[in-house]
Amino acid sequence: MKKIKKIALIGIAFLSLVSCAKKTEAAAGALDNSLENLQKRGVFVLGLDDPFPPLGFRSETNEIVGYDIDLAKEVAARLKVKFKAQPIQWDAKEQELNTGKIDCIWNGFTVTPERKKALAFTKPYLNNRQIVIVRKDSGIVSLLDLAGKKAGVQSGSNAQDAIDSSEHFKSSLKSIVMFKDNITALNDLEIKQIDAVVMDEVVGNYSITTTKKPFVSLDEGLSAEEYGIGFRKNDVKLRDKVQKILEEMQKDGTVTAISVKWFGKDISVIGR
């Protein structure tokens with residue numbers, strides 16, 4: 001009899017824990033007004049690093065354009081709100097988000113385990129790699145050839161993280177030069193102030209193709225990664241709505257059209 005009572009008490013305790021967990025989850029969900037607040041404000045503010053072609057950059061008329069911008073504009077239209085692209089300091093991006101100056105970080109933002117602890121990410125929408133770009137006449141054809149050379153990297157970027165994670169490669173370099181953006185780094189590469197630039201493959205290959213500068217990317221990369229859209233940790237409803245809209249855009253061909261416009265083919269991984 002005592003054994004039956006003990007089992008019953010354990011069962012009641014378990015059900016109580018489940019009930020409390022559900023109530024806590026429901027309370028957290030009730031406090032998430034992110035989607036409603038955005039729709040009341042009527043403006044979707046995207047934080048970006050604006051010299052980051054082809055994802056987000058300044059056109060010749062100083063308009064912010066790009067692949068991510070076109071996607072986000074369509075998302076805003078389907079949310080029935082206005083769209084605003086807000087340039088930010090990339091090495092302070094999380095602070096800009098958490099202080100409410102922007103609604104999301106959407107500009108070649110790499111998903112990492114550490115960032116997932118602090119932010120609410122969408123599912124990946126693009127694949128990427130960290131690659132090394134050098135001058136065609138440099139004689140550099142492998143990572144080993146960069147021993148004793150100067151490499152440039154954007155401060156606060158995932159390329160910097162990739163270098164830090166590759167201890168052997170990092171220690172082989174003569175020095176690492178920090179830049180505010182990739183465009184400045186590539187300019188210094190062109191005038192031979194540095195020997196290489198570590199940067200996102202999506203951006204690097206686009207730059208080589210469009211600028212026609214005498215650059216080439218090495219076959220060896222430093223790391224493979226995925227781009228996602230980062231929201232504040234508690235803004236789950238807004239994150240989920242944006243994810244749903246992106247998947248609808250992929251199904252109806254909108255994402256494919258935008259991808260072909262910027263890359264010549266559909267490289268999206270949304271819904272795949």
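Tutor: Classes come first: Ala, Val, Leu, Ile, Met, Phe, Trp, Tyr, Cys and Pro count as nonpolar, Asp, Glu, Lys and Arg as charged, and the others, Gly among them, as polar. By class, the largest pocket is lined by 6 nonpolar, 5 polar and 2 charged residues. The model is predicted: local features need pLDDT of at least 70, side-chain atom pairs count only at pLDDT 80 or more, and totals for chains, interfaces and linings use all residues. Residues are numbered from 1 along each chain as its sequence is written, and side-chain values use heavy atoms, with hydrogens and water left out.

Student: What makes a set of grid points a pocket, and what makes it a cavity?

Tutor: The grid is 1 Å, over the protein atoms alone. A cavity is a set of points where a 1.4 Å probe fits but cannot get out. A pocket is an open set with protein on both sides within 12 Å along at least five of seven lines. Lining residues have an atom within 4 Å of a point. The largest pocket has a volume of about 270 Å³. Of its 13 lining residues, Val 202, Asn 205, Phe 263, Lys 265 and Ile 267 are the closest to its centre.

Student: Which elements each supply at least two residues of that pocket's lining?

Tutor: They are β7 (126–135), α9 (201–211) and α11 (254–263). The largest share, 6 residues, comes from α9.

Student: Which element gives the most to the lining of the second largest pocket?

Tutor: Again α9, with 5 residues. That pocket holds about 190 Å³ of space. Pro 53, Ile 183, Leu 186, Ser 207 and Thr 211 are the closest to its centre, out of 13 lining residues. Two or more residues come from each of α8 (182–190) and α9. By class, the lining has 7 nonpolar, 5 polar and 1 charged residues.

Student: How many cavities of 30 Å³ or more does a search of the whole structure find?

Tutor: The search finds 1. The volume of the largest cavity is about 80 Å³. Its lining includes Asp 49, Trp 90, Arg 115 and Asp 200. Strand β5 (residues 104–110) supplies the largest share, 4 residues. The lining divides into 3 nonpolar, 6 polar and 3 charged residues.

Student: Why are α3 and α10 called roughly perpendicular?

Tutor: The axes of α3 (residues 67–79) and α10 (residues 236–251) come within 10 Å and cross at roughly 110°. Angles of 65 to 115 degrees count as roughly perpendicular, under 35 as roughly parallel, over 145 as roughly antiparallel and the rest as oblique. The two helices are therefore roughly perpendicular to each other.

Student: Which residues of α3 and α10 meet?

Tutor: Leu 71, Glu 74, Val 75, Arg 78 and Leu 79 in α3 meet Lys 241, Val 242, Ile 245, Leu 246, Glu 248 and Met 249 in α10. Contact means heavy atoms within 4.5 Å. By class, this contact has 7 nonpolar, no polar and 4 charged residues.

Student: Is Leu 143 buried or exposed, and how do you know?

Tutor: Buried means under 20% relative accessible area, exposed over 50%, partly exposed in between (1.4 Å probe, protein chains only). Leu 143 has 14%, so it is buried. Leu 143 sits in the loop between β7 and β8 (150–154). Beyond four places in sequence, Leu 143 touches Val 132, Phe 169, Leu 218, Glu 220, Gly 221 and Leu 222.

Student: How many residues does the protein chain have, and what share counts as buried?

Tutor: The chain has 272 residues, and 46% count as buried.

Note on methods. Points joined across faces, edges and corners; volume = space filled by probe spheres on them. Axes fitted to C-alpha atoms, helices over the stretch in contact; angles between N-to-C directions.
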